[in-house]
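User: Could you take me through this structure? I will ask as we go along.

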Protein chains: 2
Amino acid sequence: MALPVALDAYGADGGPDLVLEGARIVAAEGIPIRLFGPSSLDPPPGIELDPTNEWIGNEAEPVAAVRSKPDASVVRAAAAVADGRCSSLVSAGSTGAMMTAALFALKRAQGVHRPALAAQIPVPGSDGTPLVFLDAGANTDVRPQHLIQFAFLGSAFCRPVLGVEDPRVALLSVGEEQKKGRADVVEAHEALTGAEGIRFIGNLEGRDLLSGEADVIVTDGFTGNVTLKTLEGTARAVADAVRAAARSGPVASAGGLLLRPALGGLRRSMDPNAVGGAILLGLRGVAVVAHGSSTPEGIANAVRLADQAVRERAVERTGELLAAAGATRDALREEPSGTAER
Amino acid sequence: MALPVALDAYGADGGPDLVLEGARIVAAEGIPIRLFGPSSLDPPPGIELDPTNEWIGNEAEPVAAVRSKPDASVVRAAAAVADGRCSSLVSAGSTGAMMTAALFALKRAQGVHRPALAAQIPVPGSDGTPLVFLDAGANTDVRPQHLIQFAFLGSAFCRPVLGVEDPRVALLSVGEEQKKGRADVVEAHEALTGAEGIRFIGNLEGRDLLSGEADVIVTDGFTGNVTLKTLEGTARAVADAVRAAARSGPVASAGGLLLRPALGGLRRSMDPNAVGGAILLGLRGVAVVAHGSSTPEGIANAVRLADQAVRERAVERTGELLAAAGATRDALREEPSGTAER
């Protein structure tokens with residue numbers, strides 16, 4: 001019997017009832033679920049409830065909140081994974097609280113300095129395989145050896161979970177030439193060029209994110225967070241403007257009606273709910289951050305991602321790949337301090 | 001009689017003939033032009049030609065190229081501005097070569113450590129005033145005092161050239177709270193909060209770029225370049241996908257035809273050619289970088305921007321505003337080294 005996925009019922013914009021809706025979808029598919037949320041929830045058979053009325057909001061300082069609230073839903077859920085009562089952790093709440101709770105409870109994997117948040121970006125016009133983009137915001141200040149590890153973590157994740165056998169890995173920079181970019185990016189580029197155990201294809205620029213040239217794109221968590229939100233904001237602004245244009249008069253409205261079915265496919269192919277959120281790589285367990293604005297289907301997809309990562313032994317296989325590549329050993333040698341900045 | 005604008009005829013993807021086309025448009029409006037380009041060009045009366053067959057390509061290392069090629073078109077054009085024979089510099093060639101040539105010939109303005117490249121981003125659905133976004137790529141490694149100066153430079157530029165009286169200035173970061181972001185951004189935020197002579201409104205995130213909440217958004221040149229290209233690439237990918245959807249079948253095609261006039265307005269409102277390129281702020285003269293993929297109208301708009309900045313005395317007024325705000329004096333005090341990087 002498989003262990004249940006620990007699902008934080010708090011934190012989604014739609015509230016605990018929406019998370020429960022998502023849980024029903026995956027429970028019906030045979031994925032066992034343990035919900036951590038309000039005692040007022042009334043889950044159907046097949047979904048366990050670990051009742052708690054405490055939770056951590058977006059405005060709380062993550063480290064202080066996780067330390068002072070042992071009964072907060074995300075802290076209890078992370079502890080259940082660490083204890084071996086649950087297989088993996090999923091939350092749509094505060095990303096900072098989730099990362100902190102996961103890091104404290106699950107610990108970093110052997111040789112990993114900094115866990116990184118890997119987002120999956122839907123690529124319009126692709127075969128459905130999303131782009132893996134990290135770090136999406138876990139580490140705002142990094143050194144070159146962190147970027148190098150992120151590259152190996154992203155590459156190793158692609159194989160078991162996305163089925164990409166020999167993923168193409170690129171660094172995000174301001175030009176394709178090796179010497180272009182911030183000093184840490186130039187240094188990481190040099191170290192990754194010709195490195196064994198990874199298919200490093202060089203730098204890519206912001207305009208190439210959706211081009212399909214790479215399977216994994218690596219950057220620091222500050223640039224990654226800003227870039228990801230720019231991408232989402234721009235896609236939304238253009239889509240809104242198209243919608244406004246299609247309401248700007250009777251002729252345009254008729255055109256919009258005829259075009260709607262074809263645009264619906266595009267909207268679905270770009271929907272962040274379709275890819276199930278971001279996964280925290282470099283831990284001794286599986287932790288998935290769902291969008292705060294998730295639909296029930298978005299929650300279900302986040303749980304499916306966690307479940308698949310567990311079944312495919314993503315953590316163990318990532319560890320083996322990292323060890324084989326010698327990436328952790330080499331990078332550790334350069335680490336001036338052994339402490340992770342959350 | 002106004003001095004001519006020094007226009008580099010090389011470097012546009014469309015070649016010198018396209019640049020000449022752009023020159024014709026503005027010459028017809030009464031803006032005098034001096035072209036620096038191939039002797040084979042045959043400009044009409046009203047456009048002077050300073051013939052040279054040397055130029056600097058995108059692949060060249062900017063500092064080495066500018067030093068070793070005194071007859072390259074962009075170097076000659078920058079020298080003409082420094083000598084007082086031309087009013088301002090416009091080039092659609094290598095941004096690095098242009099910035100280097102301008103920095104060497106025109107010099108930094110009093111108290112400015114690092115000139116910054118200010119892009120103008122069309123905001124769909126706005127009144128037509130673009131967002132000023134800097135640094136778009138001049139400085140990939142910055143310190144907090146550079147971000148502070150960029151904020152004052154962007155703010156000062158808005159008034160004379162865009163007519164925005166009391167521009168709202170924001171820092172780009174990963175969250176709106178002051179403590180969120182990379183260490184240099186947090187420090188700049190603290191210094192700008194309550195600073196005199198600037199209307200600092202706090203942090204904005206990547207998803208807010210096109211929201212219209214700020215008139216000026218400030219970041220380092222690495223994040224700025226990546227963000228700007230992500231924005232352009234995403235807008236293009238979504239627009240391409242809408243176009244593909246509108247060709248996906250007879251019903252959709254009919255809808256696309258009916259919608260086309262309305263979408264044309266949107267395309268024009270988001271066209272980077274409409275805003276005339278990016279201006280290098282913090283020099284003792286006006287230098288404008290046009291898009292490499294400029295149309296003749298894009299070249300014309302870049303020249304109009306340069307001409308307007310000269311007529312409005314943007315450089316002098318920016319200097320007065322910086323001095324009045326005490327920004328240069330305070331920031332200079334903290335500058336450990338007086339030399340600009342490249």
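User: Which residue stands opposite B:Val169 in β8(B)?
Analyst: In this predicted model, B:Val169 faces B:Phe200 of β8(B). Strand β7 of chain B, residues 168-172, is joined to β8(B) by five bridges, and the two run parallel.

User: And in chain A, which residue stands opposite A:Leu171?
Analyst: The residue opposite A:Leu171 is A:Asn203, in β8(A). Here too β7 (residues 168-172) and β8 of chain A are parallel and joined by five bridges.

User: What is the strand order of the sheet in chain B?
Analyst: The order is β3-β2-β1-β4-β11-β10-β5-β6-β9-β7-β8 in chain B, an open sheet of eleven strands with mixed pairing. Its edge strands are β3 (47-51) and β8 (199-204) of chain B, each of which pairs on one side only. On average, neighbouring strands are turned by 25° against each other, direction ignored.

User: What about chain A: in what order do the strands of its sheet come?
Analyst: Chain A has an open sheet of eleven strands, ordered β3-β2-β1-β4-β11-β10-β5-β6-β9-β7-β8, again with mixed pairing. At its edges are β3 (47-51) and β8 (199-204) of chain A; each has a single partner strand, so one side of each lacks a neighbour in the sheet. From one strand to the next the twist averages 25°.

User: Back to chain B. Are the residues of β1 (residues 5-8) buried or exposed?
Analyst: They are buried on both faces of β1(B): B:Val5 and B:Leu7 on one side, B:Ala6 and B:Asp8 on the other.

User: Which strand does β1(B) pair with in the parallel sense over four bridges?
Analyst: That is β2 of chain B, residues 33-37. Within this pairing, B:Asp8 has B:Phe36 as its bridge partner in β2(B).

User: Which strands does α9(B) lie across?
Analyst: Helix α9(B) lies across β1, β2, β4 (88-91), β5 (116-121), β10 (278-281) and β11 (286-289) of chain B. Its direction is at about 160° to β11(B).

User: Now helix α1 of chain A. How many Å apart are its end C-alpha atoms?
Analyst: They are 21 Å apart. The 14 residues of α1(A), 15-28, should span 20 Å at 1.5 Å a residue, so the two values agree.

User: Which residues of α1(A) are buried, and what do they pack against?
Analyst: The buried residues are A:Gly15, A:Leu18, A:Val19, A:Leu20, A:Gly22, A:Ala23 and A:Val26. They pack against β1 (5-8), β2 (33-37), β3 and α9 (296-311) of chain A. After the helix comes A:Gly30, with a positive phi near 95°.

User: Which residues other than glycine have a positive phi?
Analyst: A:Lys107 is one of them, with phi near 70°. A:Lys107 lies in the loop between α4 (95-106) and β5 (116-121) of chain A, and counts as partly exposed at 48% relative accessibility. Another is B:Arg313, with a phi of about 50°. B:Arg313 is in the loop between α9 (296-311) and α10 (314-325) of chain B and, at 40% relative accessibility, counts as partly exposed.

User: Where are the cis peptide bonds?
Analyst: One joins A:Leu134 and A:Asp135, with omega about 0°. Another runs from B:Leu134 to B:Asp135, with omega near 5°. A:Asp135 is in the loop between β6 (131-134) and α5 (144-162) of chain A, and B:Asp135 is in the loop between β6 (131-134) and α5 (144-162) of chain B.

User: How many disulfides are there over all chains?
Analyst: Zero, in a search of the whole structure. As for individual cysteines, A:Cys86 is buried with a relative accessible area of 3%, and A:Cys158 is buried with 1%.

Technical notes:
Residues are numbered from 1 along each chain as its sequence is written. Chains are lettered from A and ligands numbered from 1 in the order in which they are written. This is a predicted model: local features need pLDDT of at least 70, side-chain atom pairs count only at pLDDT 80 or more; totals for chains, interfaces and linings use all residues. Side-chain values use heavy atoms; hydrogens and water are left out. Two strands pair if DSSP finds at least two bridges between them. Axes are lines fitted to C-alpha atoms, for helices over the stretch in contact, and angles run from 0 to 180 degrees between N-to-C directions. The expected span of a helix is 1.5 Å times one less than its number of residues. Buried means under 20% relative accessible area, exposed over 50%, partly exposed in between (1.4 Å probe, protein chains only). Contact means heavy atoms within 4.5 Å. A disulfide is a pair of cysteine sulfur atoms within 2.5 Å.
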